[in-house]
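Here is a short briefing on one protein model. Please look at the sequence and the fold, then read the points below.

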Amino acid sequence: MKQVYMVTYPTGKIYIGKDSVGSYRYFGSPDIAVVNRDFENLSEAVKRDYTVRKQILWESLNCSEAELAQKEVEMIRKHKSNNPKIGYNRWPKWCE
């Protein structure tokens with residue numbers, strides 16, 4: 001199962017990614033340094049007890065890798081997760 005998913009962090013920001021095998025444990029690979037900087041601003045209580053949420057936005061049993069990549073970009077743009085104020089995606093580049 002190929003999927004496009006959205007991960008929501010306790011920072012309030014999101015990351016959208018794709019998974020070609022449908023692993024429900026995969027959470028993508030946002031820039032960890034950027035995520036860590038945002039975590040520094042969280043309270044100590046939140047840093048010690050937080051939840052990361054993963055939502056499947058789209059899935060297909062038989063789409064091509066090209067269609068999967070297209071859907072990922074479509075969802076990044078739709079949810080504006082490439083806007084540094086909203087999310088952790090850095091591609092496609094955000095233009096205001």
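Leaving aside neighbours within four places in sequence, which residues is Lys2 in contact with? The partners are Asp19, Ser20, Trp58, Glu59, Ser60, Cys63, Ser64, Glu65 and Leu68, where contact means heavy atoms within 4.5 Å.

This is a predicted model; local features need pLDDT of at least 70, side-chain atom pairs count only at pLDDT 80 or more, and totals for chains, interfaces and linings use all residues. Residues are numbered from 1 along each chain as its sequence is written, and side-chain values use heavy atoms, with hydrogens and water left out.

**Lys2**

- Lys2 lies in strand β1, residues 2-8. Strands (E, at least two residues) and helices (H or I, at least four) are DSSP runs, numbered from the N terminus.
- Lys2 counts as buried because its relative accessibility is 16%. Buried means under 20% relative accessible area, exposed means over 50%, and partly exposed is in between (1.4 Å probe, protein chains only).
- The side chains of Lys2 and Glu65 are joined by a polar contact of 3.1 Å. Such a contact is a pair of N or O atoms within 3.5 Å; within protein, one must be able to donate a hydrogen and the other to accept it, and residues adjacent in sequence count only if both atoms are side-chain atoms.

**The sheet**

- Three strands form an open sheet in the order β2-β1-β3, with antiparallel pairing. β2 and β3 stand at the edges with a single partner strand each, so one side of each has no neighbour in the sheet.
- Neighbouring strands of this sheet are turned by 20° against each other on average, direction ignored.
- Two strands pair if DSSP finds at least two bridges between them. β1 and β2 pair in the antiparallel sense over six bridges.
- Val4 has Lys18 as its bridge partner in β2. Val7 stands opposite Tyr15 in β2.
- β1 and β2 form a hairpin with five residues between them. In the turn, Gly12 has a positive phi of about 90°.
- β2 is largely enclosed by the rest of the structure, because five of its six residues are buried.

**Helix α3**

- α3 lies across β1, β2 and β3, running at about 170° to β2. Axes are lines fitted to C-alpha atoms, for helices over the stretch in contact, and angles run from 0 to 180 degrees between N-to-C directions.
- The buried residues of α3 are Leu68, Lys71, Glu72, Val73, Met75 and Ile76. Their cover includes β1, β2 (14-19) and β3 (53-60).
- Lys80 follows α3 and has a positive phi, near 55°.

**Val35**

- Val35 lies in helix α1, residues 32-40. At 4% relative accessibility, Val35 counts as buried.
- Not counting residues up to four places away in sequence, Val35 touches Tyr9, Pro30 and Tyr88.
- Val35 and Lys13 are 22 residues apart along the chain, and their C-alpha atoms are separated by 9.1 Å.

**Cysteines**

- The structure holds zero disulfides. A disulfide is a pair of cysteine sulfur atoms within 2.5 Å.
- Cys63 counts as buried, at 5% relative accessibility. Cys95 counts as exposed, at 61%.
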